[in-house]
Amino acid sequence: PVVASIQRSASPPTARIIAVQRAIAATPAPADSGGSEAPIEVLFEVSDPDGDPVHAMLLYSPDGGERWAPVSVNADGGRVEFPPSNLPGALPGKGVLRLRASDGLNVTDSDGVIESLFMEGNPPDIHILSPNADTYAQGASVVLHASGWDMEDEYLPDASLDWWSDVDGWIGTGRLFTTRSLSPGSHLVTLVGVDSDGLSSEDTVTLTISPRALPGPDLNGDGVVDGDDLGTLLGNWGAFGLGDLDFSGSIDGSDLGILLGEWTQ
């Protein structure tokens with residue numbers, strides 16, 4: 001049995017972009033937002049000589065027409081409005097719009113392309129996944145985990161993500177790593193993500209490091225720092241464990257310097 005059918009009409013629909021302009025922004029954009037948040041307003045018209053219902057789709061390309069992505073599907077009313085931050089930025093003359101009209105079988109694209117107003121890049125979208133606001137004992141492992149995505153660059157590389165503490169300064173770089181060297185006290189940890197256009201975004205979290213007694217360079221606890229302690233440290237060299245005196249996660253030259261600085265005369 002026939003479930004549904006459609007008959008191709010003789011004439012394809014028509015599609016025309018009338019104007020592309022800035023609408024009035026509801027609120028002013030922040031000075032460091034990387035671009036105006038005034039919405040883009042596109043005025044268009046579609047029709048069909050045969051009187052068929054017409055469905056319109058607005059398409060956008062950031063590279064002069066090499067790739068296209070939908071902005072609005074089943075657009076109606078002759079008007080579409082959207083914030084520029086919804087779409088990738090483009091170089092001058094490269095960001096273009098196209099209107100596509102369909103009567104169900106016949107499809108028509110608007111003649112040529114209309115240069116859009118998308119010339120600004122968008123700042124990246126970054127988030128701290130961990131740590132959550134919490135308390136950690138001094139020397140405990142704190143996992144720093146971030147997500148980072150950019151409208152233009154897409155997946156942000158590790159080198160684009162830096163972590164900072166208002167107490168200790170720079171903590172490290174990367175999407176995922178562990179630190180054990182945060183100082184006792186309350187820390188405002190800030191994640192900064194920077195894209196290839198130099199635009200940045202931040203996310204923050206507050207955590208507390210509670211002080212506790214930690215083992216010093218007297219690794220065997222005999223009251224002196226001597227060759228026995230040095231042997232233990234060198235035996236664990238490059239690893240994690242007894243001898244990691246600065247809580248960096250690896251026993252290295254920094255730990256050796258601490259031990260030698262406390263050497264018992």
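Predicted model: local features only at pLDDT ≥ 70, side-chain atom pairs only at ≥ 80, totals over all residues.
Before anything else, a word on burial: a residue is called buried under 20% relative accessible area, exposed over 50%, and partly exposed in between (1.4 Å probe, protein chains only).

Residues are numbered from 1 along each chain as its sequence is written, and side-chain values use heavy atoms, with hydrogens and water left out.

1. Aspartate 244 and arginine 180 make a salt bridge, with their closest N and O atoms 2.9 Å apart; the term stands for a side-chain nitrogen of Lys or Arg within 4 Å of a carboxyl oxygen of Asp or Glu. Aspartate 244 sits in the loop between helix H1 (227-235) and helix H2 (253-261), and arginine 180 in the loop between strand E15 (176-179) and E16, so the pair links distant parts of the chain, 64 residues apart. Both residues are buried. Helices (H or I, at least four residues) and strands (E, at least two) are DSSP runs, numbered from the N terminus.

2. The count of salt bridges comes to 7. One of them is between aspartate 109 and arginine 100, at 2.6 Å from N to O. Here aspartate 109 is partly exposed at 26% relative accessibility, and arginine 100 is partly exposed at 31%. There is also a network: Glu41, Arg79 and Glu81 are joined by salt bridges that share partners.

3. Now the open sheet: 3 strands in the order E1-E2-E5, with antiparallel pairing. Strands E1 (14-22) and E5 (79-82) are at the edges with a single partner strand each, so one side of each has no neighbour in the sheet. From one strand to the next, the twist averages 20°. Two strands count as paired if DSSP finds at least two bridges between them. For E2 (residues 40-47) and E5 there are 4 bridges, and isoleucine 40 has phenylalanine 82 in E5 as its bridge partner.

4. What does glutamate 45 form a salt bridge with? The partner is arginine 16, with the closest N and O atoms 2.9 Å apart. Because glutamate 45 lies in strand E2 and arginine 16 in strand E1, this contact ties together parts that are 29 residues apart in sequence. Glutamate 45 is partly exposed at 38% relative accessibility, and arginine 16 is partly exposed at 43%.

5. Strand E13 (residues 161-165) runs antiparallel to E16, and 5 bridges join them; aspartate 162 stands opposite valine 192. E16 also pairs with strand E17 (residues 200-210), antiparallel over 10 bridges, and valine 194 stands opposite serine 200 there. E16 and E17 make a hairpin with 5 residues between them, where glycine 198 in the turn has a positive phi of about 85°.

6. Lastly, some backbone spots to check by eye. The peptide bond between serine 130 and proline 131 is cis, with omega about 10°; proline 131 is in the loop between strand E9 (125-130) and strand E10 (135-137). Asparagine 74, not a glycine, has a positive phi of about 55° and lies in strand E4 (residues 69-75). Glutamate 154 also has a positive phi, near 65°, and is found in strand E12 (residues 154-155). With a relative accessible area of 45%, glutamate 154 is partly exposed.

Note on methods
Axes fitted to C-alpha atoms, helices over the stretch in contact; angles between N-to-C directions.
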